[in-house]
Amino acid sequence: MSKNSLGKSFKDYYWIVSIDPNTSPKELMIELSTYCNYDCIYCFRRRWINKQYRYMDKSLATKILEEARNIGVKKISFSGWGEPLLHPHIVEIIKKAKSLGFKVLLNTNGYFLDKYIDYFYEIELDEITVSIDAPHEDVYRLIRIGGDLGKLLKTLLRLKEKKIKEARGYPRISVQFTINKYNYNNLLNMIKLAKKIGAYKLIVSNIIPLTKEIENSLACYMDKKCIEEVERIKLDIARISIDTGIDVSLPNFNLTYSERTCPFAREWALFVRSDGHVTPCIYYAYNWRNVINGIEREIKPVILGDLKKESLKNIWLNKMVLFRYKTHYMDYPSCLDCPLQEYCTLTLDNTVDCWGNSPTCAHCPYSRDMVRCPL
C-alpha cells in the first residue's frame, strides 16, 4: 500500500484521507512514576533496556491536565511502568484531575491504598483497578514479589463497608488478574474474592513473556492444561458471574486468532510518559524485550512528541493521523500466526514490517486481546 504524507491528510490508494481539525484524544494514560515497590515475575521492567527512573514533575502534570481539558479529553488513567501511588504529589495531581471534570481511573498494585483510600472515597474517584493475581497469600507473594495481599484486602474491605454504610458507589473497584500456570486453578475463587471485596469487574489477562523460559514455564496460552481448564470452567464462570454480579472478562488464548483491534485506537487514547514524551500506547513507551511464540523481539519506543515543547493538540493532529488510521483498521500484516515468523528478520522488532509500515503493530499481543490495558 502506498501512502504519502500530506500534512493533516494522506493518500490511501485512490482516496485522500483527512482528519477533522476539531478531533481530539478522548483519553490519556498518564505515567506519574517509573519507580515500583514490587518486582513481579513477568513485569516489563525486568527486560527494560536503559531503565529511566523518575517521577513526573508536578507542574508538568498540571499543564498536561489543563491542556487535556481544554481540547476535550474526557478520561484520565493514571498507570504506566511504575506505581502511581509512589508519586510524592499523587493527592494533589488526582485532586486536580477531578477538579477539571475528568473521569479518573487509577491503576495500582494496591500496596499503598490504605494510606489514600479515605481521600479517594471523599473525592469520589471514579475507578481503582487493582492487580491481584491470586486469592491466597502464598501464590500472591510468589508472583507479586514484595506484595502483601492481606494488607490490600483489609483496605478494600474497609472501603466496601464504608460505601455500603453511606450508600455511595464510588470509587468503583475492578480487579486485574494476570493468568499463568501458577494461578489458573484459582480463577473461580478469584471471582468470589472480587465479590467479597466489592469489585464489579474481573479482567483476566495473559502475561507477556520476557524470555523463552518464562513463556514455557508460565504462559497459559502455551499450556494445554491451562487452556483446557479455562474452557472446562467457562459455564461455571458464567454462573458465578451471574450469581455474584461480577463482570468477568476472559482474554484470547489463541495465537492464530487474526482478528485484531487496538485498545488505544478504540478508545482514542494516548500514553504520556513521566518525562512528558507522548507515545501511542503503553506497549511502545520504552525500549525492552519480550518473547511470544518462541520469537524474541525488541520493542523500541515510538515517540510522537514532547509535551514540554509541543502542545497535545499539535501532536494529535500532526503526528497521529496516519498511525491512528492504520491501527484503527489494523492495516498491518499478522506476524503471530505467520508461518514464516521463525525465519523473518523483520518481525524481530517493531521498526518495520513486510508491508513497509514503520513503525509496525503487526505482532502486538494487545491487539489480539491476549493482554489487557487498564483503559
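The largest pocket of this predicted model holds about 710 Å³ of space. Among its 33 lining residues, Tyr42, Cys43, Gly80, Asn107 and Ser131 are the closest to its centre. On a 1 Å grid over the protein atoms alone, a pocket is an open set of points with protein on both sides within 12 Å along at least five of seven lines, and lining residues have an atom within 4 Å of a point. A volume is the space filled by probe spheres set on the points, which are joined across faces, edges and corners. At least two lining residues come from each of β6 (103–108), β8 (172–179) and β9 (201–206); strands are DSSP runs of E of at least two residues, helices runs of H or I of at least four, numbered from the N terminus. The pocket lining comprises 15 nonpolar, eleven polar and seven charged residues (nonpolar: Ala, Val, Leu, Ile, Met, Phe, Trp, Tyr, Cys and Pro; charged: Asp, Glu, Lys and Arg; polar: the others, Gly among them).

One cavity of 30 Å³ or more is present, a cavity being a set of points where a 1.4 Å probe fits but cannot get out. The largest cavity contains about 110 Å³ of space. Its lining has 16 residues, of which Cys262, Pro263, Cys281, Cys361 and Cys364 are the closest to the centre. Helix α12 (321–328) gives the largest share of this lining, three residues. By class, the cavity lining has 13 nonpolar residues, two polar and one charged.

Residues are numbered from 1 along each chain as its sequence is written. Local features need pLDDT of at least 70 and side-chain atom pairs pLDDT 80 or more, whereas totals for chains, interfaces and linings use all residues, and side-chain values use heavy atoms, without hydrogens and water.
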